[in-house]
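Student: Please take one part of this model and go through it closely. I want the pairing and the packing, with the cut-offs behind each term.

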Amino acid sequence: MPVGGHNVLEPMALDQLAYLSDHPNQICTFAELYGVLWPGSTAAKKTLKSSLQSLVFQIRQILEADPTRPVTLRSVYGRGYRFVAPEP
């Protein structure tokens, strides 16, 4: 989200990005991410998945050249997300 001309991630999106980048090139499952971002939550999985998708959208707006064609933060259909580490 833009703040003072800069793109800024909300704290939970930053937490998600940090977790994903700490696990490069690995599939981080929805359940794993729920546990990291909302430990002990009793909210319905549908609600958590929607919140997770919203956070991914924010991250992609900042990381990706074309957020509709993600290269760095990829969806793994039915499983979760994968942060693709840049080549050295």
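The sheet and the helices around it

Tutor: Start at a bridge: V76 is partnered by G80 in β5. The model is predicted, so to speak of its limits: local features need pLDDT of at least 70, side-chain atom pairs count only at pLDDT 80 or more, and totals for chains, interfaces and linings use all residues. Residues are numbered from 1 along each chain as its sequence is written, and side-chain values use heavy atoms, with hydrogens and water left out. Strands (E, at least two residues) and helices (H or I, at least four) are DSSP runs, numbered from the N terminus.

β4 and β5 form a hairpin. The two strands are separated by 3 residues. In the turn, G78 has a positive phi of about 75°. L73 has F83 as its bridge partner in β5. β4 pairs with β5 (residues 80-83) in the antiparallel sense, over 4 bridges. Pairing here requires at least two bridges found by DSSP between the two strands.

Now the other neighbour of β5. β3 pairs with β5 over 3 bridges, again in the antiparallel sense. C28 stands opposite Y81 in β5.

Angles run from 0 to 180 degrees between N-to-C directions, and axes are lines fitted to C-alpha atoms, for helices over the stretch in contact.

A contact means heavy atoms within 4.5 Å.

Next, helix against helix. The axes of α1 and α2 cross at roughly 130° and come within 10 Å. That makes the two oblique to each other. For such angles, under 35 degrees counts as roughly parallel, over 145 as roughly antiparallel, 65 to 115 as roughly perpendicular, and the rest as oblique. On the α1 side the contact uses M12, D15, Q16, Y19 and L20; on the α2 side, E32, L33, V36 and L37. These residues divide into 6 nonpolar, 1 polar and 2 charged. Ala, Val, Leu, Ile, Met, Phe, Trp, Tyr, Cys and Pro count as nonpolar; Asp, Glu, Lys and Arg count as charged; the others, Gly among them, count as polar.

α2 also packs on helix α3 (residues 45-63), at about 85° and with the axes 11 Å apart. The two are therefore roughly perpendicular. F30, L33, Y34 and L37 of α2 meet K45, L48, K49, L52 and L55 of α3.

α1 and α3 complete the set of pairs. Their angle is about 80°, and their axes lie 9 Å apart. They are therefore roughly perpendicular too. M12, A13, Q16 and L17 of α1 face L52, L55, V56, Q58, I59 and L63 of α3. This contact has 8 nonpolar residues, 2 polar and no charged.

Finish with rings. The structure holds 2 aromatic pairs. One of them is F30 with Y34: the ring centres are 6.5 Å apart and the planes are at 20°, so the pair is stacked. Rings of Phe, Tyr and Trp (its six-membered ring) pair if their centres lie within 6.5 Å; planes under 30 degrees apart count as stacked, over 60 as edge-to-face, and the rest as tilted. F30 and Y34 are 4 residues apart in α2, so about one helical turn separates them.
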